[in-house]
Amino acid sequence: MITREEIAAALDGTDRSNLDVARTLGVGPARVRRVRAAAGLPPYQRGRRRSCATWEEAFAARTVAVEGGHLQWTGPLSEHGTPLLRLGLEAETAYRYAFRIHHGREAEGKTNPTCGYPRCVAGGHLEDRVIREERRAEEERRRPKGRGLLDPPAGATWHRDVDLIAVERVMRGAQPLPVLNEAEQRYAVVVMTRDADLGAEEIGERLGIAARTVVRWRDEAGLSDGRP
Ligand SMILES: [Zn+2]
């Protein structure tokens with residue numbers, strides 16, 4: 001089975017007609033026409049397209065600047081869906097190329113856009129392992145002490161000795177109420193303060209602890225009541 005990416009690659013590599021590519025790959029010309037349109041490749045005209053002489057030209061010919069500072073990729077994709085930049089017989093991912101031009105160094109490890117625009121190849125929107133690790137370390141430094149227990153991974157049911165499902169039941173008042181350990185009660189205090197906007201009295205009542213304990217745990221977690 002010939003994939004869409006293989007058809008796009010064959011169309012992009014040289015100045016070839018849909019019919020020529022269809023015959024070579026053994027697929028229908030209508031399908032080749034659809035892939036050409038979807039990939040944003042210009043219609044075939046004999047001898048019209050000059051082949052690119054430099055990587056810079058090749059990159060420019062396969063990108064369109066769009067609103068928001070993003071750079072849309074219109075060239076071929078790898079089998080994994082990664083923008084693939086070609087010059088003659090050589091190829092590299094457009095992410096690595098754009099990263100190098102922007103940052104002046106080779107990208108290390110997995111490199112991809114973090115801006116949310118699909119397959120964006122704007123150099124400043126790309127993140128390699130070095131930048132990713134720096135960003136995560138910075139986020140960790142900025143996180144107030146004691147709040148690290150918040151924001152468990154999506155879909156988690158246990159996080160740092162906290163049974164999230166039991167906590168959730170208590171917060172909803174679902175009977176019978178599970179008994180929470182201290183780590184779970186502390187977690188519930190922080191989440192109820194932050195997300196449910198409840199006073200210390202109410203939270204203490206729901207968790208079966210004293211209001212002053214709620215206040216103390218809030219302080220220790222770097223939260224203030226925010227109430228008069
Ligand atoms: Zn972007």
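Q: Which strand do 4 bridges join to strand β3, and how do the two run?
A: Before we look, please note that this is a predicted model: local features need pLDDT of at least 70, side-chain atom pairs count only at pLDDT 80 or more, and totals for chains, interfaces and linings use all residues. Residues are numbered from 1 along each chain as its sequence is written. Strands (E, at least two residues) and helices (H or I, at least four) are DSSP runs numbered from the N terminus, and two strands pair if DSSP finds at least two bridges between them. Here 4 bridges link β3 (residues 84-87) with β4 (residues 90-93), and the strands run antiparallel. Leu85, for instance, has Glu92 in β4 as its bridge partner. The hairpin has 2 residues between its strands, and Gly88 there takes a positive phi near 60°.

Q: Where else does a glycine with positive phi follow a helix?
A: Gly40 comes after α3, with a phi near 75°. Gly104 follows α5 and has a positive phi near 70°.

Q: Which residue has a positive phi although it is not a glycine?
A: The general idea first: most residues other than glycine have a negative phi. Arg119 has a positive phi of about 55°, and Arg119 sits in the loop between β5 and β6.

Q: Which residues of helix α3 are buried, and where do they lie around the axis?
A: In α3 (residues 29-38), the buried ones are Val32, Val35 and Arg36. To see a face, look down the axis and take the arc of the directions from the helix axis to the C-beta atoms. In α3 the buried residues fall within an arc of 100°, so they line one face. The face turned away from them carries exposed Ala30, Ala37 and Ala38.

Q: Which residues of α5 are buried, and what covers them?
A: Helix α5 (residues 94-103) buries Ala94, Tyr95, Tyr97, Ala98 and Phe99. Their cover includes α4 (55-61), β2 (70-73), β3, β4, β5 (112-113) and β6 (126-127). Take Tyr95: it counts as buried because it has 26 C-beta neighbours inside 10 Å. For contacts, the rule is that C-beta atoms, placed from the backbone, lie within 7 Å. Not counting residues up to four places away in sequence, Tyr95 touches Thr82, Pro83, Thr111, Asn112, Val121 and Leu126.

Q: At what angle do helices α8 and α10 pack?
A: Axes are lines fitted to C-alpha atoms, for helices over the stretch in contact, and angles between N-to-C directions run from 0 to 180 degrees. Angles under 35 degrees count as roughly parallel, over 145 as roughly antiparallel, 65 to 115 as roughly perpendicular and the rest as oblique. Helix α8 (residues 182-196) meets α10 (residues 211-220) at about 80°, with axes 10 Å apart. The two are therefore roughly perpendicular. Arg186, Val189 and Thr193 of α8 make the contact with Val214, Trp217 and Arg218 of α10.

Notes:
A residue is buried if 20 or more other C-beta atoms lie within 10 Å of its own, exposed if 12 or fewer, and partly exposed in between; C-beta atoms are placed from the backbone. Two residues are in contact if their C-beta atoms, placed from the backbone, lie within 7 Å.
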